[in-house]
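Please look over the sequence and the structure shown here, and then follow the report below, which takes selected helices, cores and individual residues in turn.

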Amino acid sequence: MRHPPRLTALLAGAALTAASTALVVSGTASGAASAPACTVEYAIVGQWTGGFQGAVTLTNNSAALSAWQLGFDFPAGQVVSQGWGGKWSQSAGAVTVVNESWNGGLGTGAKVTAGFIASWTGTNPAPAAFTLNGAPCDTAGTPTPTPTPTPTPTPTDPTTPPTTPPPTPPTPVTGAPELGVTGNRLTDQNGATRRLLGVNRSGGEFMCVQGHGIWDGPADDAAIRAIADWKANTVRIPLNEECWLGLDNIKPEYRGENYVTAVKDLVARVLAHGMTPVVELHWTYGQYTGSSSGCGDVHASCQKPMPNARYTPAFWTSVANTFKNDRRVVFDLFNEPYPDRATSTAAQAWSCWRDGGSCPGIGYEVAGMQDLVDAVRATGAKNLVLVPGIAYSNDLSQWLQHRPTDPAGGLAAAWHVYNFNACADETCWNATLAPVAAQVPLVAGEIGENTCAHAFIDRVMKWFDDRGLSYLGWTWNTWNCNSGPALISSYDGTPTAFGIGLRDRLRSLNGN
């Protein structure tokens, strides 16, 4: 987010993880031509004693559909306890998955993925057959799935009939969790699904480089408690690359060790209140004067189109080393990339975004998202990493095709939206966000509007709530909400008219 005027400046989850078991079922529906009606991929993503997570990916090989219903039978008494990507129901062994309102359209060749958690006892074989809208898929020639190994059962009294205990979803850990990625969900160390729901706390990105301090407003325990009182569970903390690295253009009292200590102290206070801290790189070095330039300064005094190869990998190496022993801390690689403003083609923009190097229209050597992931993982850090899209993080249309490789399997997609962005309605979200959210966790790192009201973010939050996704409001600062989205009018947590929408939603989700 670009800042409003301020003073004189412009502002694995489970205890046991089984090897993935995949079954591909394809065939021709009754009366159809020779082409198979559908293809279903069934996978066991993770398994623990008495429970497992699975996923089904349906490919429509017939005519385009406006609605779909997937059916299959569990052969060994497995029972679904929760599901996503569709409306799940079960009667005895028969399982039905019906499309959500946002993913009912399924064109020829299109895919849709739905996931679930279920219980099992004894053995956990895969379903033998699937149907699409009642039409059976031919299972002839399908390999018999390998039964999942199970522990030797404890002998029981033969006169007592066996019972199947009700499925028990994993219990979420108390306080801030150690977050990981399981399929398209964020999960804690117990395997429970988690969402990041909270606020941004702006200040650390601009105060130090402008010579005013480190934080904009108080960052003491009382100030953080006020955020927790909204029932937020996450605080995103924007940072400045030059201040963290201690470059000599920053006043000594606001750079290097002093800055790092202040960040560590704020992270500790956020954790102490049971919330997840997201440390995020906001402003960086590198001179850019092209389209949509925020400033002509080479220093980290505004949002640049991409990170730079000179300092940004070093920043993330240092940050990762600082927090790698605490997986409760989340890393957000770069606030709002916009290489698309510097180049004329989407292909060049996405290539620059991932691979960096000499990018068209950008006069400095760029560090791509792969470079930053590599810098983090080279330290041994396993922390969750958020990777933003392009167009100020508002475009994820090619995120899946260009996502970086992560040996730790811990990446989530980050997205920003305001009422004035290009992708700011449900049609765009259904078309570009839903496919991403079906495969990886999706976090809206910034949501807001410049109306000093909350009608727009109410729509955003509903869309994300309907899908169990994460979002963070911009921003927990006492600015004029008519010149930029400000959630509060006082650091005691008094909301603006805009902030009321987020506060009330967080309290309704997480308890009053």
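## Helix α1 and its surroundings

In helix α1, the buried residues are A223, I224, A226, I227 and A228, where buried means under 20% relative accessible area, exposed means over 50%, and partly exposed lies in between, computed with a 1.4 Å probe on protein chains only. These buried residues of α1 pack against β16 (197–200), β17 (234–240) and α3, contact being defined as heavy atoms within 4.5 Å. Helices (H or I, at least four residues) and strands (E, at least two) are DSSP runs, numbered from the N terminus. The model is a predicted one, in which local features need pLDDT of at least 70 and side-chain atom pairs count only at pLDDT 80 or more, whereas totals for chains, interfaces and linings use all residues. Residues are numbered from 1 along each chain as its sequence is written, and side-chain values use heavy atoms, with hydrogens and water left out.

D221 belongs to α1, which covers residues 221–229, and with a relative accessibility of 32% D221 counts as partly exposed. Leaving out residues up to four places away in sequence, D221 touches R269 and H273. The side chains of D221 and H273 are joined by a polar contact of 2.8 Å, a term for a pair of N or O atoms within 3.5 Å, of which, within protein, one must be able to donate a hydrogen and the other to accept it, while residues adjacent in sequence count only if both atoms are side-chain atoms. For D221 and R269, the C-alpha atoms are 6.4 Å apart although 48 residues separate the two in sequence. Just after α1 comes K231, with a positive phi of about 70°; K231 lies in the loop between α1 and β17, and it counts as partly exposed at 30% relative accessibility.

## Helix α6, an enclosed element

Helix α6 (residues 369–378) is largely enclosed by the rest of the structure, because 7 of its 10 residues are buried. The buried residues are M369, Q370, L372, V373, A375, V376 and R377, and they pack against α4 (312–323), β19 (330–332), α5 (346–355), β20 (385–388) and β21 (411–418). After α6 comes G380, which has a positive phi near 90°.

## The α8 and α9 pair

Helices α8 (residues 426–437) and α9 (residues 455–466) pack at an angle of about 35°, and their axes are 12 Å apart. Axes here are lines fitted to C-alpha atoms, for helices over the stretch in contact, and angles run from 0 to 180 degrees between N-to-C directions. The contact is formed by E426, W429, N430, L433 and A434 of α8 together with F456, R459, V460, W463 and F464 of α9.

## Nonpolar cores

A nonpolar core is a set of buried Ala, Val, Leu, Ile, Met, Phe, Trp, Tyr and Cys residues joined through side-chain atoms within 4.5 Å. The largest core has 110 residues, of which W316, F331, W399, W415 and F464 touch the most other members, and helix α3 (residues 256–272) contributes the most to this core, with 8 residues. A second, separate core of 25 residues includes V56, L58, A114 and F130.

Which residues surround W399, once its neighbours within four places in sequence are left aside? The contacts of W399 are with W350, W353, V387, P388, G389, A412, A413, V436 and V440.

## Loop residues and local details

L65 lies in the loop between β5 (51–60) and β6 (69–73) and, at 21% relative accessibility, counts as partly exposed. Residues up to four places away aside, L65 touches N60, G104, G105, L106, L132 and N133, and the C-alpha atoms of L65 and G107 are separated by 6.0 Å, with the two residues 42 apart along the chain.

A391, in the loop between β20 and α7 (399–402), has a phi near 55°, a positive value in a residue other than glycine, and counts as buried at 16% relative accessibility. The peptide bond from W474 to T475 is cis, with omega near -5°, and T475 is found in the loop between β23 (470–473) and α10 (497–510). In strand β14 (residues 185–187), T187 is buried, with a relative accessible area of 1%, and a polar contact of 2.8 Å links the side chains of T187 and T182.
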